[in-house]
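Hi,

Here is the structure we talked about, for you to open and look over. My notes on what turned up are below it.

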Amino acid sequence: MAKKETKSFILRVDAETMNAIEVWAADEFRSTNGQLQWIITEALRKAKRLPKKKASEPSNNTEES
């Protein structure tokens with residue numbers, strides 16, 4: 001499986017929000033970075049703004065027709 005390319009960027013968040021994210025991450029057994037990635041991915045998915053997968057990419061669907 002090919003590893004996804006990642007980009008780094010600086011995010012400024014107020015202390016109260018960051019504390020809430022850190023607690024949420026701990027509750028979900030994720031790192032703070034992992035939690036932020038999950039939050040962003042979920043927001044993009046709900047807004048139907050995630051890029052479409054290419055036909056050559058394997059799907060997560062393991063059912064056979």
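Which residue with a positive phi follows H1? That would be Phe29, with phi near 60 degrees. Before I go on, please keep in mind that this is a predicted model.

Overall picture first. The protein chain has two helices and zero strands. Of its 65 residues, 9% count as buried. The chain exposes about 6,800 Å², and carbon and sulfur atoms supply 53% of that.

Now the helices. H1 has 13 residues and spans 18 Å from its first C-alpha to its last, close to the 18 Å expected at 1.5 Å a residue. At the start of H1, Asp14 points a side-chain oxygen to within 3.2 Å of the backbone nitrogen of Glu16. Beyond the other end, Phe29 sits in the loop between helix H1 (15-27) and helix H2 (32-46). Phe29 is not a glycine, yet its phi is positive. Its side of the story on accessibility: Phe29 counts as exposed because its relative accessible area is 79%, and the cut-off for exposed is over 50%.

There is another residue of this kind to look at. Lys48, also not a glycine, has a positive phi near 55 degrees. You'll find Lys48 in the segment after H2, and it is exposed too, at 74% relative accessible area.

On to charged pairs: the structure holds two salt bridges. In one, Arg30 pairs with Glu28, with the closest N and O atoms 3.7 Å apart. Both partners are partly exposed, Arg30 at 30% relative accessibility and Glu28 at 39%. In the other, the side chains of Arg45 and Glu42 meet at 2.8 Å, N to O. Arg45 and Glu42 are three residues apart in helix H2, so about one helical turn separates them. Arg45 is partly exposed, at 44% relative accessibility.

Last, the surface. Phe9, Leu11, Val13, Ile40, Leu44 and Leu50 make a nonpolar patch of about 520 Å². One of these, Phe9, lies in the segment before H1. Phe9 counts as exposed because its relative accessibility is 61%, again against a cut-off of over 50%.

Cheers

Notes:
Residues numbered from 1 in each chain as written. Predicted model: local features only at pLDDT ≥ 70, side-chain atom pairs only at ≥ 80, totals over all residues. Heavy atoms only, no water. Helix = DSSP H or I, 4+ residues; strand = E, 2+ residues; numbered from the N terminus. Buried < 20%, exposed > 50% of the residue type's maximum accessible area, 1.4 Å probe, protein only. Areas by Shrake-Rupley, 256 points an atom, 1.4 Å probe, with all protein chains shown as cover. Patch = residues over 30% accessible without salt bridge, like charges linked within 9 Å, V, L, I, M, F, W, Y side chains within 5 Å. Salt bridge = Lys/Arg side-chain N within 4 Å of Asp/Glu carboxyl O. Expected span 1.5 Å × (residues − 1). Polar contact = N/O pair within 3.5 Å; in protein donor to acceptor, adjacent residues only side chain to side chain.
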